[in-house]
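Here is a short briefing for a first look. Keep the structure open while you read.

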Amino acid sequence: MIPSTKETVQLGVYDTNLPPLLTIDSGDSLSFPETWSGFLNELQPGVPIDTLAKIRMNNPGRGPQSIIGPIAVNKAEPGDVLEIRHKRIHPYEWGAVFNNPATLGTGLLPQDYPQGQIKYVDLDLRAMTSKFMPNINIPLKPFQGTLGVAPPDGYFPPLSPGVTNAVPPGPHAGNLDLSELSEGSTLYIPVWKPGALIYTGDSHAVQGDGEICLTAIETRMKEVQIQVLLHKQKHLAWPVAETDTHWITLGLDKDLHTAMTLAARNAIKFLAAQAKISELDAYALCSVAVSFRVTQVVDIVQGVHALIPKNIFASQLRQQMTIV
């Protein structure tokens, strides 16, 4: 059990110089009670947008996202894969969505809405809806915007030796903002550093694909519980997600077209390897049966995810299509 405290939360960075908060074994479960919001603990009802903007301005080069970690996995080493099972994700009864003032240049349309806004939203956890406005209710789908491991050397320029900005996602997963990673889903992450070094944070109540104004409905979690399994030397190049209904490959790059290309290539390679078909047939299958969606466009590196439906495959073949 690792609650969010000043000792367990890092401000917007992966820091491989820190000793692990905890070392776990394959098969162990982790509980994160009382998570902070993704934008520090200042995101509470009544806090104005100017306060949040000042926090961001005072942390140049680092997003103000608060993440918990690192947590080491015993015997994890580069080339391995972590299987992260989302067992429980339970939010608080409130959240907020906001865009920063245009001076910070965040979100998709800062020039269109220069004044910034913060909007607090009540969450009905019994009905699993949020009251965005008196006549607009949004179904909740809680998930962690950030869950990942220490990134590979050289993928992002370090802020200092061993310290990397935690805002952009990458081959280490991290700040994917993939709304499909809700309770019951699984995320497979390549390991790049000894011990893997797991981080999580950026708690969301619900998010639309794109996350265009900068945020989802940001919230805190009463509890996040995950189970971690270690698979030795599987040499997965990119994270892959799985739900009851889909396998999900990812593409991430500063250029959205390149991100789309990566997501497509990863989907094609997955289908060719798992369904035992040619890459040409997998290319065609992606065109007629796989949906490509923009994950987010607000985290420096933009994301596209490919939703591969499981129900197009015969039962026997579907059971054979395993990620690790």
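This is a predicted model: local features need pLDDT of at least 70, side-chain atom pairs count only at pLDDT 80 or more; totals for chains, interfaces and linings use all residues.

Residues are numbered from 1 along each chain as its sequence is written, and side-chain values use heavy atoms, with hydrogens and water left out.

**Nonpolar cores**

- The largest nonpolar core has 37 residues. Such a core is a set of buried Ala, Val, Leu, Ile, Met, Phe, Trp, Tyr and Cys residues joined through side-chain atoms within 4.5 Å. Buried means under 20% relative accessible area, exposed over 50%, and partly exposed in between (1.4 Å probe, protein chains only).
- Val 73, Leu 82, Ile 84, Leu 187 and Val 228 touch the most other members of this core.
- Several strands supply at least two residues each, including strand 5 (66-73), strand 6 (81-91) and strand 11 (143-149). Strands (E, at least two residues) and helices (H or I, at least four) are DSSP runs numbered from the N terminus.
- Strand 16 gives the most to this core, namely five residues.
- Ile 84 touches residues including Leu 147, Leu 187, Ile 198 and Val 228, with those up to four places away in sequence not counted. Contact means heavy atoms within 4.5 Å.
- Another core lies apart from the largest one.
- In soluble globular proteins, nonpolar side chains tend to be buried together.

**Strand 15 and its partners**

- Seven of the seven residues of strand 15 are buried, so strand 15 is largely enclosed by the rest of the structure.
- Strand 5 pairs with strand 15 in the antiparallel sense, over three bridges. Two strands pair if DSSP finds at least two bridges between them. Ile 67 stands opposite Gly 201 in strand 15.
- Strand 11 also runs antiparallel to strand 15, joined by six bridges. Here Val 149 stands opposite Ile 198.

**Aromatic rings**

- The structure holds four aromatic pairs. Rings of Phe, Tyr and Trp (its six-membered ring) pair if their centres lie within 6.5 Å; planes under 30 degrees apart count as stacked, over 60 as edge-to-face and the rest as tilted.
- Tyr 14 and Tyr 199 are edge-to-face, because their planes stand at 75 degrees, with ring centres 4.9 Å apart. The pair links distant parts of the chain, 185 residues apart: Tyr 14 is in strand 2 and Tyr 199 in strand 15.
- Tyr 14 has a relative accessible area of 1% and is buried. Tyr 199 is buried too, at 0%.
- Trp 247 and Phe 313 also form an edge-to-face pair, at 5.9 Å centre to centre and 65 degrees between the planes. Trp 247 lies in strand 18, and Phe 313 in the loop between strand 20 and helix 4. Both residues are buried.
- Trp 247, Phe 270 and Phe 313 make up one aromatic cluster.

**Charges over rings**

- The charged end of Lys 119 sits over the ring of Phe 132, 5.0 Å from its centre. This requires NZ of Lys or CZ of Arg within 6 Å of the ring centre and within 35 degrees of the ring normal.
- Arg 220 has its charged end over the ring of Tyr 92, 5.0 Å from the ring centre.

**A buried serine**

- Ser 130 is in strand 9. Its relative accessible area is 0%, so Ser 130 is buried.
- Contacts of Ser 130 beyond four places in sequence include Val 121, Asp 122, Ile 138 and Ile 217.
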